[in-house]
Structure formats: C-alpha cells, structure tokens
Amino acid sequence: MKLVIVLAALCAVALARPDVETVRQDSEVLPEHFHFGYETSDGSKHDAEGQLKNVGSDQESLVVHGSYQFVGKDGQTYTVNYVADEKGYQPQGAHIPSAA
C-alpha cells in the first residue's frame, strides 16, 4: 500500500506543472518487486526498482535502488543516486556533502 501511495505522489508531482509535459512514464508492480520511471520535458527524471528480501521471514525488508535528476533554479542539473533499505535512505550526489 505504501508503494502505491509513493508512486501516486511521484506521478502527481510530475504532472503538477501545466507547462511541463511527461515524456516517459513506465511502471511494473509485482508482489515481490517493482520498477518505475518517468521523465518530464523540463529535464526531471526518476527511476527506481525495489525488491523484497528475506520474503516470509521475520527479517523481510524492501530494498530500493534509484536515481533522480532535476534542474535547479541556478540552471544546473542535479543527480541523486540512492539506496533505501533496512539501513535507511542513503543518497549520493556531487552536490551532497559526505560524512567525514
């Protein structure tokens, strides 16, 4: 259920600006894995895939790998690659400070 809400929210964000068109949108949601992607005419895009790990056990968890890109107000394109798993959300990007 959470996955459906997240996908719906992402689509709503992609479609929220009337001057921006969705140029690509795809998704596949199955019981133990999913993937989705979209790209808009303003240069924004988001792709992700998730997989259930340890299905049926007490340690069942969802692992998501993804990447999103957007053009900032400064005109620069920013890209974030991330993993979200039992260790939390772990973003990486040239503009994101790293822990010392």
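Four aromatic pairs are counted in this predicted model, where rings of Phe, Tyr and Trp (its six-membered ring) pair if their centres lie within 6.5 Å, and planes under 30 degrees apart count as stacked, over 60 as edge-to-face and the rest as tilted. One of them joins Phe70 and Tyr78, whose rings are stacked, at 5.4 Å from centre to centre and with 25° between the planes. A pair of aromatic rings is described by the distance of the centres and the angle of the planes. Another pair is formed by Tyr82 and Tyr89; with centres 5.5 Å apart and planes at 40°, this pair is tilted. Ring pairs also bring Tyr68 together with Tyr82 and Tyr89 in a cluster.

How far are these rings covered? Burial is judged here by relative accessible area (buried under 20%, exposed over 50%, partly exposed in between, with a 1.4 Å probe and protein chains only). In the stacked pair, Tyr78 is buried at 15%, whereas Phe70 is partly exposed at 31%. In the tilted pair, Tyr82 is buried, with a relative accessibility of 11%, and Tyr89 is partly exposed at 45%.

Residues are numbered from 1 along each chain as its sequence is written, and side-chain values use heavy atoms, with hydrogens and water left out. As the model is predicted, local features need pLDDT of at least 70 and side-chain atom pairs count only at pLDDT 80 or more, while totals for chains, interfaces and linings use all residues.

The chain has 100 residues, and 22% of them count as buried. Contacts (heavy atoms within 4.5 Å) between residues at least 6 apart in sequence were also examined, and 14% of these join residues at least 24 apart.

Charged side chains come next. The chain has three salt bridges, each being a side-chain nitrogen of Lys or Arg within 4 Å of a carboxyl oxygen of Asp or Glu. Which residues are linked by them? Arg24, Asp26, Glu39 and Asp47 form a network of salt bridges. Arg24 pairs with Asp26, their closest N and O atoms lying 3.0 Å apart. Arg24 is partly exposed at 25% relative accessibility, and Asp26 is partly exposed at 29%.

The side chain of Arg24 also meets that of Glu39 in a salt bridge, at 3.7 Å from N to O. Arg24 belongs to strand E1 (residues 22-29) and Glu39 to strand E2, so this pair ties together parts that are 15 residues apart in sequence. Glu39 is partly exposed, with a relative accessible area of 25%. Arg24 forms a further salt bridge with Asp47, with 3.1 Å between the closest N and O atoms. Here the link runs between distant parts of the chain, from Arg24 in strand E1 to Asp47 in strand E3 (residues 45-53), 23 residues apart. Asp47 is partly exposed at 30% relative accessibility.

Two further residues complete the picture. Thr40 is found in strand E2 (residues 33-40) and is buried, at 6% relative accessibility. The side chain of Thr40 makes a polar contact with the side chain of Asp42 at 2.4 Å. A polar contact is a pair of N or O atoms within 3.5 Å; within protein, one must be able to donate a hydrogen and the other to accept it, and residues adjacent in sequence count only if both atoms are side-chain atoms. Asn54 sits in the loop between E3 and strand E4 (61-71). The phi angle of Asn54 is near 55°, a positive value in a residue other than glycine. With a relative accessible area of 47%, Asn54 counts as partly exposed.

Definitions and conventions
Helices (H or I, at least four residues) and strands (E, at least two) are DSSP runs, numbered from the N terminus.
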